[in-house]
Amino acid sequence: RHLTRLISVFLSLIQKMPEVTETINNVPIIAVPEASNGYEQRYNVAKYLGELLMVSYNNKDALTTRFALSLLIPRQSLINEFGEFRNKIEQKEIEIYSRIYKVSYKNIIKRLQMCEIITQSNAKYLNININKNDLHEQIYIEQANNYEKMLYKLIAQGSLKEPERFK
């Protein structure tokens, strides 16, 4: 019931924003600028959904970040993969989780800390290790379905102010 209500609220918000949204085959679509990688793009879309749903909250950035991380990295998924509390996590575990769930290393670490599976000092150590060893996620590009169709429809309707940004 709650999901149905959430979806209906989301759809009503989308309908009020024709400049960045479209419906194709009854599926609501949000146009977002291309990101440098799929991990960032998925995170940005999740955060944007959070902004649509939480328009009147005072600390919007913190809340939408929490929403995006919760959407992309559910608590139960972390517990299933890492356990309820860990003193140490190997970087390879984070790399495997990243490949499976298509989320960045740093967002996994941030979510592990938010769920209190690791401590702040564990999170700091893991982030230092990532930066020190210049570790990067596997290249992953999010593939948009029906993107070109929607893009040209929005261009034809005059809904995009800078259409070349989205090509």
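## Overall fold

What pattern does the protein chain follow when read along the sequence? The answer is α-β-β-α-α-α-α-α-α-α. In this predicted model, the protein chain has 8 helices together with 2 strands.

## Confidence

The protein chain has a mean pLDDT of 77, and 68% of its residues reach 70 or more. Residues 1-7 deserve a separate word: their pLDDT is below 50, and in the model this stretch has 1 contact beyond near neighbours in sequence.

## Packing and surface

Now to the chain as a whole. The protein chain counts 167 residues, and 38% of them are classed as buried. Taking the contacts between residues at least 6 apart in sequence, 58% join residues at least 24 apart.

## A look at Glu-95

Let us finish with a single residue. Glu-95 sits in helix H5, which covers residues 91-101. Is this residue buried or exposed? With a relative accessible area of 14%, Glu-95 is buried, because buried means under 20% relative accessible area.

Which residues is Glu-95 in contact with, leaving aside its neighbours within four places in sequence? They are Tyr-105 and Leu-135.

How values were computed. Residues are numbered from 1 along each chain as its sequence is written. This is a predicted model: local features need pLDDT of at least 70, side-chain atom pairs count only at pLDDT 80 or more; totals for chains, interfaces and linings use all residues. Side-chain values use heavy atoms; hydrogens and water are left out. Helices (H or I, at least four residues) and strands (E, at least two) are DSSP runs, numbered from the N terminus. Buried means under 20% relative accessible area, exposed over 50%, partly exposed in between (1.4 Å probe, protein chains only). Contact means heavy atoms within 4.5 Å. pLDDT is the predictor's confidence in each residue, from 0 to 100.
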